[in-house]
Amino acid sequence: MTDKYAVIGNPIAHSKSPEIHTMFAEQFKGKPAGDMVYKDRILAPLDGFAATVERLRKESYKGCNVTVPFKFEALQLSTRLIGRAQVARAVNTLKFEGNAILGDNTDGFGLVRDITKNLGFDIVGKHVLLMGAGGAAHGVAQPLFDINANLAVVNRTVEKAQRMTAAFDKQHQATVHTYEELVGQRFDVVINATSSGLADEMPALPPGIFAPGALAYEMMYGRETPFMKFASANGAAVVSDGFGMLVEQAAESFFIWRGVRPETAPVIAALRNR
Ligand code: NDP
């Protein structure tokens with residue numbers, strides 16, 4: 001029987017996950033890994049995430065992706081957590097195995113892979129500024145440490161950034177800043193993990209924040225955000241949106257479910273041209 005997968009969120013109509021996974025599956029046509037269907041975008045009621053997951057399990061789905069605002073509930077629902085999901089305190093990939101629900105988080109993997117492989121940026125030892133302390137920032141902080149980024153975090157509500165960094169393992173310490181404290185500092189990579197772009201807002205970054213050759217990475221995708229415009233106008237050498245991250249995190253979910261790694265470059269190219 002063909003294995004079924006879906007994505008759950010609220011809202012969900014915008015999700016590109018079905019298209020991405022359908023293209024991945026086509027790469028393995030005729031092989032067991034390609035014998036899957038991923039077409040459902042499931043709008044769960046805000047108080048109905050657990051019931052929706054239960055329904056999918058009863059209908060023999062093999063797993064699902066989880067997006068805003070359910071990544072924390074997915075963590076609670078998981079009966080077994082992969083280490084990186086535990087650190088992130090958020091889950092974006094569920095795999096159903098008998099009675100078990102395996103929870104993982106592939107966002108950080110996706111970001112690091114997009115920056116290092118697709119954009120060819122070496123982060124080791126570099127000064128990296130992570131803006132935000134919400135679900136996305138939690139998911140990417142540890143993977144950035146894992147490749148030895150020298151990490152600073154800034155968030156509008158500074159207490160949230162302090163709570164986030166306090167939970168990191170003790171070998172890894174990030175400095176936490178207010179936006180005002182960034183005046184006079186420079187970073188090799190600035191990552192916007194805030195949702196400011198959704199509201200067409202610009203975090204209060206000072207000009208002069210980008211070191212020579214710096215990368216400005218916006219996690220949002222689909223349009224040029226105020227942060228991307230600011231970065232282009234203020235000396236960032238490379239400005240990227242989060243589309244590559246989206247496809248790379250999906251490829252890691254595919255690997256968790258199907259045991260093989262799809263090619264991402266043709267999928268990024270095909271979807272960008274649509
Ligand atoms: P959350 O709601 O969990 O967190 C929002 C964060 O943004 C908070 O830290 C908040 O600060 C900050 N923020 C919001 N508005 C502003 C502003 N005007 N100025 C400064 N800070 C602001 O959102 P997520 O972490 O889930 O998502 C963040 C972004 O990442 C979204 O745009 C999402 O689309 C994107 N994303 C992209 C992915 C990809 O694959 N490309 C994957 C996951 C997320 P405060 O704490 O002070 O309220």
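A polar contact is a pair of N or O atoms within 3.5 Å. Keep that cut-off in mind for T157, where a polar side-chain atom lies 2.5 Å from an oxygen atom of the ligand. With a distance of 2.5 Å and a limit of 3.5 Å, this pair therefore counts as a polar contact. The model you are looking at is a predicted one, and its domain assignment gives two parts, domain 1 and domain 2.

**Around the ligand**

- Which residues come nearest to the ligand? Of the 24 residues around the ligand, these are A136, N155, T157, K160 and E201.
- R156 reaches the ligand with its side chain: one of its N or O atoms is 2.9 Å from an oxygen atom of the ligand.
- M219 takes part through its backbone, where a polar atom is 2.9 Å from a nitrogen atom of the ligand.

**Two domains**

- Domain 1 is made of two stretches of the chain, 3–105 and 245–271, while domain 2 covers 108–241.
- If you take the centres over C-alpha atoms, domain 1 and domain 2 are 25 Å apart.

**Where the domains meet**

- Twelve residues of domain 1 are in contact with 15 residues of domain 2.
- The size of an interface is often given as the accessible area lost when the parts come together.
- For domain 1 and domain 2, the buried area is about 1,200 Å², and 64% of it is on carbon and sulfur atoms.
- Five residue pairs are in polar contact between domain 1 and domain 2, with both residues at pLDDT 80 or more.
- Two helices, α4 (83–88) and α9 (243–258), each give at least two residues to the side of domain 1 that touches domain 2.
- Helix α9 makes the largest contribution to that side, with five residues.
- By type, the residues on that side of domain 1 are five nonpolar, three polar and four charged.

**Salt bridges**

- Side chains of opposite charge can pair when their charged atoms come close.
- How many salt bridges does a search of the whole structure find? It finds 15, and the count between domain 1 and domain 2 is two.
- E248 pairs with R113 in a salt bridge, and their closest N and O atoms are 3.4 Å apart.
- D3 and R258 form another salt bridge through their side chains, at 2.7 Å from N to O.
- This second pair ties together distant parts of the chain, since D3 sits in strand β1 (residues 3–9) and R258 in helix α9, 255 residues apart.

**Backbone details to look for**

- N10 and P11 are joined by a cis peptide bond with an omega of about 5°, and P11 is in the loop between β1 and α1 (17–26).
- V68 and P69 are also joined by a cis peptide bond, with an omega of about 0°; P69 lies in the loop between β3 (61–66) and α3 (71–77).
- R89 has a positive phi of about 55°, although R89 is not a glycine.
- You can find R89 in the loop between α4 and β5 (93–97).

Technical notes:
Residues are numbered from 1 along each chain as its sequence is written. This is a predicted model: local features need pLDDT of at least 70, side-chain atom pairs count only at pLDDT 80 or more; totals for chains, interfaces and linings use all residues. Side-chain values use heavy atoms; hydrogens and water are left out. Domain bounds come from an automatic or database domain assignment. Contact means heavy atoms within 4.5 Å. Buried area is the accessible area (1.4 Å probe) that two parts lose on being put together, summed over both. A salt bridge is a side-chain nitrogen of Lys or Arg within 4 Å of a carboxyl oxygen of Asp or Glu. A polar contact is a pair of N or O atoms within 3.5 Å; within protein, one must be able to donate a hydrogen and the other to accept it, and residues adjacent in sequence count only if both atoms are side-chain atoms. Helices (H or I, at least four residues) and strands (E, at least two) are DSSP runs, numbered from the N terminus. Ala, Val, Leu, Ile, Met, Phe, Trp, Tyr, Cys and Pro count as nonpolar, Asp, Glu, Lys and Arg as charged, and the others, Gly among them, as polar. A residue is near a molecule or strand if one of its heavy atoms lies within 4 Å of it.
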